[in-house]
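Student: I would like to learn how to read a structure feature by feature. Can we work through one together?

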Amino acid sequence: MSAPNTTPTREYLKPPVTEVGVLGWLHGNLFNTWYNSVLTILFAVVLWQVVPPFISWAFIDSVWNTPSEACRDIEGACWSIIPQNISFIIFGFFPDGEQWRPGSAMLILLGLVFFSKNSNHWKKSLGVYWLIGLIVMGTLMYGGVFGMQVVETAQWSGLPLTFMLSFFGMVAAYPLGVLLALGRQSKMPAIKTLCVVYIEMIRGVPLISLLFMSSIMFPLFLPEGITIDKVLRAQVAIILFTAAYIAEVVRGGLQAMSRGQFEAADSLGLNYNQTMRLIILPQALKIVIPPSLGILLSAFKDTSLVVIIALYDVLKTTKVTLSNPKWTGYSTEAYIFLAILYFICCYAMSSYSRKLEKSLHTGR
Amino acid sequence: MNETEKQTAAKPDTAPIIEVNSMHKWYGDFHVLSDINLKVALGERIVICGPSGSGKSTLIRCINRLEEHQRGQIIVNGTELTNDIKNIEKVRAEVGMVFQHFNLFPHLTILENLTLGPIWVRKTPKKDADEMAMMYLEKVHIAEQALKFPGQLSGGQQQRVAIARSLCMKPEVMLFDEPTSALDPEMIKEVLDVMIDLAEEGMTMLVVTHEMGFAKSVADRVMFMDEGQVVEENNPHDFFDNPQNERTKLFLSQIL
């Protein structure tokens, strides 16, 4: 029973080095066919030409916070343009000693926005906080009380202006867009026509022309002596513009709703308002979160167009910095900084939207 | 339930809960329902059968105004269905409907699906609505799923939830539009059992279905519709064993 022959000991070999680990991944993905290998080599050459020079320009040979004269002699990036001019880039024409005011106003706005993200906070008290916050922000920006110097709205500039125009633009445009979309679906011909005409006309013109009209043409129609604040006009133009695009996206979401949902709501005896508010809109708006976010991101970046009506948002203040003879020629550094700034804001909005979608997912 | 045990809860001498008089309906030029006359007494169970396209679903959808009729009268519990939206909403709150494809609200939990109607239409306080909803969920044997979402339930479970949702509105009449046609055979039984329980408790029911076993055991009347008309109408025993009309005989031969 016990055999004198032992079973041969098994040899545990190592796998071939080119099939596993890093080399294995390279072999399987980058060099698996001849054309992939050629592409890999081409990309490697391109990266070799581009990346080391960029790194030495941006990080190795660069200066970070020196007076403008020091920048003339170096080969690398002159990042000093940013720290040296930061208060003008961010706050624009706000008087020097008063810059804590727009700074605090922005912090209050960001604080309220972050606080509102948490759905546990969505109670009546949230509305009260926002109301108080808005009043405080308005007072800080305009001044006139508690010994704060008055700063006219035309002087509001830089990042506070960008945030304000885009935030209030998005918040007002969204409900308006939803109403327009519902109106366009209406069976009443007057309402439907009104909504269609509005949407198609607004979508047919660029935002620049709307800003132009609001700033130049609109005052011509006003009676003598009555002026409407320029920032308010720009704000209204942005709201009206964004609302038209939101309306079409929401209409797409409404069309995606199955008739059965309407019929189930009807058969329970819900009226139109209840059906829309409780059943249809929660589902339709959830479906169109991705394209809605796209429109809101565009609205945020389109605030840079207010330069056309002589309002100084953060893009324009950066350009003004560059027109200073001391700092001309360092536009690359300035625009890279601006791009990073916009990117941080847009990425924050985008990642919030992804989290929102995930939290609303109810396991279909 | 055999013939002797089946309670005929119908009281023919009281006013009918649903009255359809000479009703016609057109889709554009197409005459989909022709001269429909129907009286449903409180507590009656009626099964409507027929080939597809015969207008049976359209008929019951006219009763809760999901479809409009162009000629004739439909009177539900004393209220006539016209273009007056107040009448329509009044009727809809008293008539429950169960759909072929369930039509639950996917963004709400099962419990919220049930309490939505009572809270917003009948203005029931939330606590009372929750209690009532749990009671009906127990009744359809699905109480443990109360906090799940419809997408997490099987078809048979969803349909039972849909029945419970309609019951929460305490309707006078329940309409069923092919409630088991979208279900697997195993799930059909669990839904039919719930419907049989409902029938035994005296609920007035109009059921469009192909489940002839259900018709035989539960129905007070079976109506056969073809091409927009009521071709034959009889009690189940006579309907299945002794069909009068040629078209009825043809239909029965195809499905039995």
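The dialogue below takes up salt bridges, pockets, a surface patch and backbone angles in turn.

Student: What should I know before reading any values?

Tutor: This is a predicted model: local features need pLDDT of at least 70, side-chain atom pairs count only at pLDDT 80 or more, and totals for chains, interfaces and linings use all residues. Residues are numbered from 1 along each chain as its sequence is written, chains are lettered from A and ligands numbered from 1 in the order in which they are written, and side-chain values use heavy atoms, with hydrogens and water left out.

Student: How many salt bridges does the structure hold over all chains?

Tutor: A salt bridge is a side-chain nitrogen of Lys or Arg within 4 Å of a carboxyl oxygen of Asp or Glu. Over all chains, there are 19.

Student: Which residue forms a salt bridge with Lys189(B)?

Tutor: Asp193(B) does, with the closest N and O atoms 2.8 Å apart. Helices (H or I, at least four residues) and strands (E, at least two) are DSSP runs, numbered from the N terminus. Lys189(B) and Asp193(B) both sit in helix H6 (residues 185-200) of chain B. They are four residues apart, so about one helical turn separates them.

Student: Which salt bridges join into one network?

Tutor: Those that share partners: they link Arg184(A), Glu200(A), Arg203(A), Glu248(A) and Arg251(A). One pair in this set is Glu248(A) with Arg251(A), whose closest N and O atoms are 3.0 Å apart. The two are three residues apart in helix H10 (residues 230-255) of chain A, so they too are separated by about one helical turn. Glu248(A) is buried, at 14% relative accessibility.

Student: What does Glu44(B) pair with?

Tutor: Glu44(B) forms a salt bridge with Arg221(B), at 2.9 Å between the closest N and O atoms. This pair links distant parts of the chain, 177 residues apart. Glu44(B) lies in the loop between strand E2 (30-40) and strand E3 (45-49) of chain B, and Arg221(B) in strand E9 (residues 221-226) of chain B. Glu44(B) is buried at 8% relative accessibility. Arg221(B) is buried too, at 17%.

Student: Now pockets. What is the volume of the largest pocket?

Tutor: Work on a 1 Å grid over the protein atoms alone: a pocket is an open set of points where a 1.4 Å probe fits, with protein on both sides within 12 Å along at least five of seven lines, and lining residues have an atom within 4 Å of a point. Grid points are joined across faces, edges and corners, and a volume is the space filled by probe spheres set on the points. The largest pocket comes to about 1,800 Å³.

Student: Which residues lie nearest its centre?

Tutor: Val113(A), Lys117(A), Leu296(A), Tyr352(A) and Leu356(A), out of 37 lining residues. H15(A) supplies the largest share of the lining, eleven residues. For classes, Ala, Val, Leu, Ile, Met, Phe, Trp, Tyr, Cys and Pro count as nonpolar, Asp, Glu, Lys and Arg as charged, and the others, Gly among them, as polar. The lining has 27 nonpolar, seven polar and three charged residues.

Student: How much space lies in the second largest pocket?

Tutor: About 1,200 Å³. Its lining has 27 residues, with Lys187(A), Phe262(A), Asp266(A), Tyr272(A) and Met276(A) closest to the centre. H7, helix H11 (259-268) and H12 of chain A, and helix H2 (85-94) of chain B, each supply at least two lining residues. By class, there are eleven nonpolar, six polar and ten charged residues.

Student: Last, what about phi?

Tutor: Most residues other than glycine have a negative phi. Asp35(B) has a positive phi of about 50° although it is not a glycine. Asp35(B) is in strand E2 of chain B and is partly exposed at 42% relative accessibility. Arg65(B) also has a positive phi, of about 60°. Arg65(B) lies in the loop between helix H1 (56-63) and strand E4 (71-76) of chain B, and is buried at 8%.

Student: Which residues form the nonpolar patch on the surface?

Tutor: Patches are made of residues with over 30% relative accessible area and no salt bridge: like charges are joined within 9 Å, nonpolar side chains (Val, Leu, Ile, Met, Phe, Trp, Tyr) within 5 Å. Accessible areas come from the Shrake-Rupley method with a 1.4 Å probe; for residues, only the protein chains shown count as cover. Here the patch is Val46(A), Leu47(A), Val50(A), Val51(A), Phe54(A), Ile55(A), Phe59(A), Ile60(A) and Trp64(A), with about 890 Å² of accessible area together. Val46(A) is in helix H2 (residues 34-60) of chain A and is partly exposed, at 46%.

Notes: Buried means under 20% relative accessible area, exposed over 50%, partly exposed in between (1.4 Å probe, protein chains only).
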